Amino acid sequence: MRHAWLICLKDLRQRSRDHNALTVAIVAPLVLTALIGMSLSGSQGIGLRLAIADLDQSALSRQFVDFVQRPWLIGIIAVRPVASRQAAAAAVERGDVECAVVIDSGFANAADDGKSQMIEILVARKAQFALQGTRALVQDFLQRLAANPSATHRIASVTPLSPGGSLRMIDFFAASMTVLFLTFAILAGVRALQSEVDSRTILRLVASPAEPLAILAGKFGALLLVGLTQMGVMIAATSILFGTHWGNSIPVAALVATSVLMAIGLTAFLMSLAKNAEQGTAVAALVISLLSVIGGQFLPSQGLPDVFETLARLTPNGQAFYGFLDLSAAGSNGSLATIAQPLLFTGIVGVAGIAFAAFRARSALRRIT
Amino acid sequence: MLNVRGLKKSFDDRVAVDGVGFTIGVGEIYGLLGPNGAGKTTSISMIAGILARDAGEVTIDGIDIDAGPRARALIGIVPQSITLYTDLTARENLSFWGRMYDLRGEQLRVAVKNALDAVGLSPRADDLASAFSGGMQRRLNLACGILHQPKLLILDEPTVGVDPQSRSAIFDLVERLREQGTAILYTTHYMEEAERLCTCIGIIDAGRIIVEGTRAELVASIGQDARIEIGLGRGEALVRAVSIVERLEGVRSAQALDDHIVVFADHGAHRLPSLLSALLNVGLIAESIKVVEPNLEDVFLRMTGRALRD
């Protein structure tokens, strides 16, 4: 155990001196998240895009429209008036807005009669935060209304729509860049490990009193810590800087762990197929980039045919990425069950990749002695 | 200290080591001398426990190498390639390896200091290894192997590609270690190194030790005859010359090598006039003539028919 710890600490010291790896692990994903997320969002200040279909066209319904367009909400809520429920649903499905409020005809009369008010909310499937905001807005209006104290102030229904609207672009890219650069950060570590084989430094380790298992554990431990640190820093930084909500901490932590395992397994597998570190890095970078495109990490799948998300979920990085999106969308309802598939998929890929690479490493050692 | 018996290793159909065996006592330097590809590195990889052997036994201070960490802790190895972490300083490299061999605290600090002093790198202790010249890296490579004061030190071609100053420093250190009682296994394809350092030399070729002994014993094994080199230029002349010379009385062997023939004959230089005369009779005129005392190169040549550098 002591030998494993010594090897792990030594590797971490080496990684900490690799400025390029630090840039790839932390700086690049943060900067790209900010740049891409902000540029595609148009304005970072828009927290909620809301379509309103005022089918009642009464003074009361117009009060609601005015209510959500109060001066202090400008820049926070972007309102788009639409003519019908169908138009509202279409706007949500296209991803033009996260939510739509449909005020049915007869809304004012029902209020006058002390009956239930008829307000329907349409929401994009993954826009849980937008739903919470919209619901709070509508309930606030209804409570303030109090035209008839006996009226039942309530929202008639909430309809989730699929394929759904969009998360905030910055949230999307926070998750996508974190997963993408996790793989590249781990690749830098795996490359260093392969370089030890290429330069035969590994021979000295094998000849030392350290058991082979301790060497493996030390090397693996360092990669694991690098990955966990990268993910931890990214999650903390995006939460603080961009207000990204990643979801419940326990399932997020579990997915972080299996994602790091997946990144180690994937990169170790690719590196083990190469002749040397240079070739391995080039091939792995190419494959990771390709997987990231297929995994939907450069472009939100919302608004695209379902097949894109299906394809994305066939890739290990896509599984990790969509797992994080699902947890973010589920909010406080997110649990391990929410991400059972990503957990299983990324975990299996990680273990299988590491096992394959370890097997290949035995042959490599035999070759270089 | 080291007892090796019947080591064998094959890679697929190729036999790399075929029954290598020797012993090294306390304070002895055993030189494994042979050309590239002779099986030196494969042999020491098995002795160091890095490479699984097909057959044979290796014991260090009575402990079987298969005992694992207990046996490996007795060995210091300096691989042929420079095996340093170039993004760590010299001191960090040494501290890491010291800890791997269970040195701690003051004991580790002193060991690192002594190792740095021994290889003359104390003034550069806190510089990254990547900033070192090739010779300095070689010396640090050596320091990493001797830090824990191993009972058996394995040096695999430790002077390849180093400058004369570093080479001399390495020789001095190896001799000091021998005086301190370290058993040293030294592989090289440089005859001069084996002649200068080794108390016993095994000449290895094609995976087998073909002859073993002290330098004097090895040279004596080919007789006290001088080696005569007669330059004749390249080509057909060499073949003709060899066929003529080897039929002459008193000639033990004649071989063509590069642009000359090498002749071993009874009474050495005294045979020179008859050799030249025989060559002249068939129209072969010597371009150069050299008479040298026999050395390990000659032993190898006589045993294998090839030069060490082939």
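**Reading helices, strands and a contact in a predicted model**

Q: Where in chain B is confidence lowest, and where is it highest?
A: In chain B, confidence is lowest in helix α11 (residues 296-304) of chain B, with a mean of 78, and highest in helix α3 (residues 90-100) of chain B, at 94. These are pLDDT values, the predictor's confidence in each residue from 0 to 100. Remember that this is a predicted model, where local features need pLDDT of at least 70, side-chain atom pairs count only at pLDDT 80 or more, and totals for chains, interfaces and linings use all residues. Residues are numbered from 1 along each chain as its sequence is written, while chains are lettered from A and ligands numbered from 1 in the order in which they are written.

Q: How does chain B score on pLDDT as a whole?
A: Chain B averages 86, and 97% of its residues score at least 70. The model itself gets ipTM 0.75 and pTM 0.70.

Q: What makes α5(B) and α6(B) "roughly parallel"?
A: Helix α5 (residues 134-146) of chain B packs against helix α6 (residues 164-179) of chain B at about 15°, with axes 9 Å apart. Angles under 35 degrees count as roughly parallel, so α5(B) is roughly parallel to α6(B). The crossing of α5(B) past α6(B) is right-handed.

Q: Which residues of α5(B) meet α6(B)?
A: They are Gly135(B), Arg138(B), Arg139(B), Leu142(B) and Ile146(B). On the α6(B) side, their partners include Ala169(B), Ile170(B) and Leu173(B). Being in contact takes C-beta atoms, placed from the backbone, within 7 Å. The residues of this contact split into six nonpolar, three polar and two charged.

Q: What about strand β3 (residues 29-33) of chain B: how many bridges join it to β9(B)?
A: Four, and β3(B) runs parallel to strand β9 (residues 200-205) of chain B. Leu33(B), for example, has Ile203(B) as its bridge partner.

Q: How many residues does each chain bring to the contact between chains A and B?
A: Chain A brings 18 residues and chain B brings 20 residues. Within chain A, α1 (2-16) and α8 (201-207) each supply at least two residues of the side touching chain B. That side divides into six nonpolar, six polar and six charged residues.

How values were computed: Two residues are in contact if their C-beta atoms, placed from the backbone, lie within 7 Å. Ala, Val, Leu, Ile, Met, Phe, Trp, Tyr, Cys and Pro count as nonpolar, Asp, Glu, Lys and Arg as charged, and the others, Gly among them, as polar. Axes are lines fitted to C-alpha atoms, for helices over the stretch in contact, and angles run from 0 to 180 degrees between N-to-C directions. Angles under 35 degrees count as roughly parallel, over 145 as roughly antiparallel, 65 to 115 as roughly perpendicular and the rest as oblique. A crossing is left-handed if the near helix is turned anticlockwise from the far one by less than a right angle, and right-handed if clockwise. Two strands pair if DSSP finds at least two bridges between them.
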